Amino acid sequence: MAARRISAMLSRSLSVTSPASSFCDFSIPLHLHCRRYGIGRGKQRFSTAAVLEEPITPPVQINYTKLLINGQFVDSASGKTFPTLDPRTGEVIAHVAEGDKEDINRAVSAARKAFDEGPWPKMSAYERSRIMLRFADLVEKNIQELAQLETWDNGKPYQQALTAELPMFVRLFHYYAGWADKIHGLTVPADGPHHVQTLHEPIGVAGQIIPWNFPLLMFAWKVGPALACGNTIVLKSAEQTPLTALYVAKLFHEAGLPEGVLNIVSGYGPTAGAALASHMDVDKIAFTGSTETGKIILELAAQSNLKPVTLELGGKSPFIICEDADIDRAVELAHFALFFNQGQCCCAGSRTYVHEKIHDEFIAKAKARALKRTVGDPFKKEIEQGPQIDSEQFQKVLGYIKSGIDSNATLECGGERFGSKGYFIQPTVFSNVKDDMLIAQDEIFGPVQSILKFKDIDEVIRRANASRYGLAAGVFTSNIDTANTMSRGLRAGTVWVNCFDVFDAGIPFGGYKMSGIGREKGVYSLSNYLQVKAVVSPLKNPAWL
């Protein structure tokens with residue numbers, strides 16, 4: 001259902017008009033929110049009204065700003081805090097404890113003790129699953145507060161957080177709770193008189209570093225399989241979005257999670273992140289973020305105790321629209337593939353390849369769609385696009401837009417700041433983009449659509465694969481042979497055919513090339529958190545081998 005909710009954003013009516021002053025009613029129950037308000041409705045054309053008005057203050061209380069170590073909220077060892085900012089305004093939401101190396105040491109020590117001496121890995125898998133299910137139930141009970149907090153700290157549309165991401169978060173923990181008591185080894189036939197069995201054992205203390213673009217979903221992608229396998233965790237949240245991880249960790253302990261099993265350290269990458277990746281008593285590290293930082297994580301892991309690493313990194317995903325495409329549907333899907341979550345999505349369809357026969361018509365309609373995109377306070381129900389996460393990302397995106405202009409790509413629309421406050425950027429569309437331009441090569445991570453022209457299938461497969469990334473790809477065609485040819489020819493971890501951003505709990509996700517190592521979600525993610533042990537013993541006068 002959660003995956004369908006995200007895909008359903010594409011089909012919601014875009015013509016329904018709503019008063020520009022209408023806000024999300026936080027008192028309305030979830031099911032009524034879903035029925036009354038569609039994500040992606042709107043009528044404004046880069047209207048600054050929503051930005052210039054006083055931003056809505058959500059009613060959620062911020063109760064958890066300290067580090068969570070060994071089941072207790074504690075100050076950082078240094079006593080330092082750092083501000084987490086509202087990307088709508090750049091103003092401080094709260095000050096959060098700033099963890100560093102000493103705090104990572106405390107958290108790892110707690111996780112190690114919980115693994116070596118505590119009840120979690122020794123608990124029956126069924127009981128672990130029951131705790132995870134109780135946690136999912138608590139998240140559902142607090143879903144509106146969590147959605148408000150996620151939007152406030154991140155800037156994503158409230159309706160997206162409430163009706164798509166939080167339900168998917170719950171679904172993921174249901175999924176991994178179901179796996180907890182289905183993890184087992186094998187009995188292996190031997191060539192001689194020996195009994196051979198394999199054991200699938202928890203790997204130990206897992207270090208996890210999550211990004212700011214989908215704070216709760218990335219928490220679920222990592223914490224869910226690690227706990228299902230019986231591990232303990234030290235998780236570093238992104239410094240831009242530390243609030244929701246602390247909130248849900250508190251709910252986990254209310255559900256009965258033993259002390260020390262899940263520890264949350266807020267802090268910066270060069271201090272807390274580096275200390276976690278290089279810690280000698282961490283048995284495994286999982287990271288989601290940029291390719292550049294992923295390289296550093298891999299190096300730190302290798303230089304310390306050679307701990308195994310899974311990486312989900314950057315992307316520059318091609319979205320290929322064939323000549324037989326329904327243009328209107330293709331425009332809407334390509335728009336969603338790029339602009340979803342303010343373009344801050346590692347698998348965003350950021351290279352839109354369009355067949356030459358429909359290229360000009362597509363550009364005109366893609367421009368028109370971008371001009372209709374509603375930008376403003378993400379707590380307003382008609383808003384499709386909120387701000388970028390922070391000033392650094394805001395300036396980075398504007399720099400890539402300037403690069404596109406300087407490279408003689410055609411700026412069809414957008415290209416500038418939206419409003420005068422916060423980190424809003426106009427939905428931007430470039431045409432006449434060439435493969436050697438930076439906007440066609442680098443991960444922009446913002447609302448910038450680059451449209452390229454192609455002639456035939458072999459050409460576009462070759463060009464699509466000529467990237468250092470290989471995270472995802474999209475194909476839009478009515479021809480099953482074309483779909484099959486492309487889905488096998490494209491070197492990417494996920495290929496969406498006539499859809500995009502479908503994220504079911506059981507669908508594995510990860511990349512080729514410099515987009516990462518390993519897979520998250522689905523059954524494949526369990527192997528990230530397990531060791532396989534072979535146990536061999538002699539058989540005396542066996543009746544059979």
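Predicted model: local features only at pLDDT ≥ 70, side-chain atom pairs only at ≥ 80, totals over all residues.
Me: Why is N341 called buried, whereas N70 is called partly exposed?
Reply: Buried means under 20% relative accessible area, exposed means over 50%, and partly exposed lies in between (1.4 Å probe, protein chains only). N341 has a relative accessible area of 1%, so it counts as buried. N70 stands at 34% relative accessibility and therefore counts as partly exposed.

Me: What makes the phi angles of N70 and N341 worth a remark?
Reply: Most residues other than glycine have a negative phi. N70 is not a glycine, yet its phi is positive, at about 55 degrees. N341, also a residue other than glycine, has a positive phi near 60 degrees. N70 is found in the loop between β1 (67–69) and β2 (72–74), and N341 in the loop between α12 (327–339) and β13 (351–355). Helices (H or I, at least four residues) and strands (E, at least two) are DSSP runs, numbered from the N terminus.

Me: How do you know that β13 is largely enclosed by the rest of the structure?
Reply: Five of the five residues of β13 are buried, so the strand is largely enclosed. Both of its faces are covered, with R351, Y353 and H355 on one side and T352 and V354 on the other.

Me: Why are β12 and β13 said to pair?
Reply: Two strands pair if DSSP finds at least two bridges between them. Four bridges join β12 to β13, and the two strands run parallel. In this pairing, F319 stands opposite T352 in β13.

Me: How do you know that the buried residues of α17 line one face of the helix?
Reply: In helix α17 (residues 480–489), T482, A483 and M486 are buried. Seen down the helix axis, these buried residues fall within an arc of 100 degrees, so they line one face. The arc is that of the directions from the helix axis to the C-beta atoms. An α-helix has 3.6 residues a turn, so residues three or four places apart point the same way. The face of α17 turned away from the buried side carries the exposed residues I480, D481 and R488.

Me: What do the buried residues of α17 pack against?
Reply: They pack against β12 (318–321), α16 (457–465), β18 (472–476) and β19 (494–497), where contact means heavy atoms within 4.5 Å. β18 and β19 themselves pair in the parallel sense over four bridges, and T494 in β19 is the bridge partner of A472. β19 has a covered face, T494 and W496, and an uncovered one, V495 and V497.

Me: What makes a region a pocket, and what lines the largest pocket here?
Reply: On a 1 Å grid over the protein atoms alone, a cavity is a set of points where a 1.4 Å probe fits but cannot get out, whereas a pocket is an open set with protein on both sides within 12 Å along at least five of seven lines; lining residues have an atom within 4 Å of a point. About 1100 Å³ of space lies in the largest pocket. Of its 47 lining residues, the closest to the centre are W212, F287, G289, S290 and T293. The largest share of the lining, five residues, comes from α11.

Key: Residues numbered from 1 in each chain as written. Heavy atoms only, no water. Points joined across faces, edges and corners; volume = space filled by probe spheres on them.
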